[in-house]
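Grab a pencil and work through these exercises with the sequence and the model side by side. Try each task before you read its solution.

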Amino acid sequence: VEGENSPAKLWLVIQPGNGGPVEDWVNCEKMALSSPDTTMVVINGALDKVRGGFYPAVFFPKLAATVDRFWKKFDPAFYLKPFSDKGVYGWL
């Protein structure tokens, strides 16, 4: 269906959870389940934190439940990691 009310073909999700609620990440999974044919691109999503256990399951159970079934299936296309060493800051 093409037209004004046609389903989205692409979702750009910008910085989920960054400075906002952790539920942003949970809502991304809900969006994907509601429209599985829509491509989702997450920009600056801090997925290394989400997938790496930065948010403990005891405090963030809803987020922890999405990690294995949703977030670990994401394929990173480009990854920048901030670093600092002896007062020098940059990206790697």
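**Exercise 1. Decide whether M31 is buried, partly exposed or exposed, and find what M31 touches.**

Step 1: M31 has a relative accessible area of 30%. Buried means under 20%, exposed means over 50%, and partly exposed is in between, using a 1.4 Å probe and protein chains only. So M31 counts as partly exposed.

Step 2: Place M31 in the fold, and you land in helix α1. Helices (H or I, at least four residues) and strands (E, at least two) are DSSP runs, numbered from the N terminus.

Step 3: Leave out residues up to four places away in sequence, and M31 touches W11 and M40. Contact here means heavy atoms within 4.5 Å. M31 and W11 are 20 residues apart along the chain, and their C-alpha atoms are separated by 9.1 Å.

A quick word on the ground rules: this is a predicted model, where local features need pLDDT of at least 70 and side-chain atom pairs count only at pLDDT 80 or more, while totals for chains, interfaces and linings use all residues. Residues are numbered from 1 along each chain as its sequence is written, and side-chain values use heavy atoms, with hydrogens and water left out.

**Exercise 2. Work out how β1 and β2 run and which residues are bridge partners.**

Step 1: Find β1 at residues 10–14 and β2 at residues 39–43.

Step 2: Five bridges join these strands, which run parallel. Two strands pair if DSSP finds at least two bridges between them.

Step 3: Look up the partners in β2: L10 goes with T39, and L12 goes with V41.

Step 4: Sort the faces. In β1, W11 and V13 are on the covered face, with L10, L12 and I14 on the uncovered one. In β2, M40 and V42 make up the covered face, while T39, V41 and I43 form the uncovered one. Why the every-other-one pattern? In a regular strand the side chains alternate between the two faces of the sheet.

**Exercise 3. Describe the second largest pocket: its space, its lining and the kinds of residue there.**

Step 1: The pocket holds about 180 Å³ of space. A pocket is found on a 1 Å grid over the protein atoms alone: an open set of points where a 1.4 Å probe fits, with protein on both sides within 12 Å along at least five of seven lines, and lining residues have an atom within 4 Å of a point. Grid points are joined across faces, edges and corners, and the volume is the space filled by probe spheres set on the points.

Step 2: The lining is W11, E29, A32, L33, P36, T38, T39, M40, R69, F70 and F74. The elements that give two or more residues to this lining are α1 (23–34) and β2. The largest share, three residues, comes from α1.

Step 3: Sort by kind: seven are nonpolar, two polar and two charged. (Ala, Val, Leu, Ile, Met, Phe, Trp, Tyr, Cys and Pro count as nonpolar, Asp, Glu, Lys and Arg as charged, and the others, Gly among them, as polar.)

Step 4: Zoom in on A32, a residue of helix α1. A32 is buried because its relative accessible area is 19%. Its contacts, not counting residues up to four places away in sequence, are W11, M40 and F70. Between A32 and F70, 38 residues apart along the chain, the C-alpha separation is 9.1 Å.

**Exercise 4. Find what the side chains of T38 and T66 reach.**

Step 1: Start with T38, in the loop between α1 and β2. T38 is at 9% relative accessibility, so T38 counts as buried.

Step 2: The T38 side chain makes a polar contact with the side chain of S35 at 2.7 Å. A polar contact is a pair of N or O atoms within 3.5 Å; within protein, one must be able to donate a hydrogen and the other to accept it, and residues adjacent in sequence count only if both atoms are side-chain atoms.

Step 3: Now take T66, in helix α3 (residues 61–69). At 0% relative accessibility, T66 is buried. The T66 side chain reaches the backbone oxygen of L63 at 2.7 Å.
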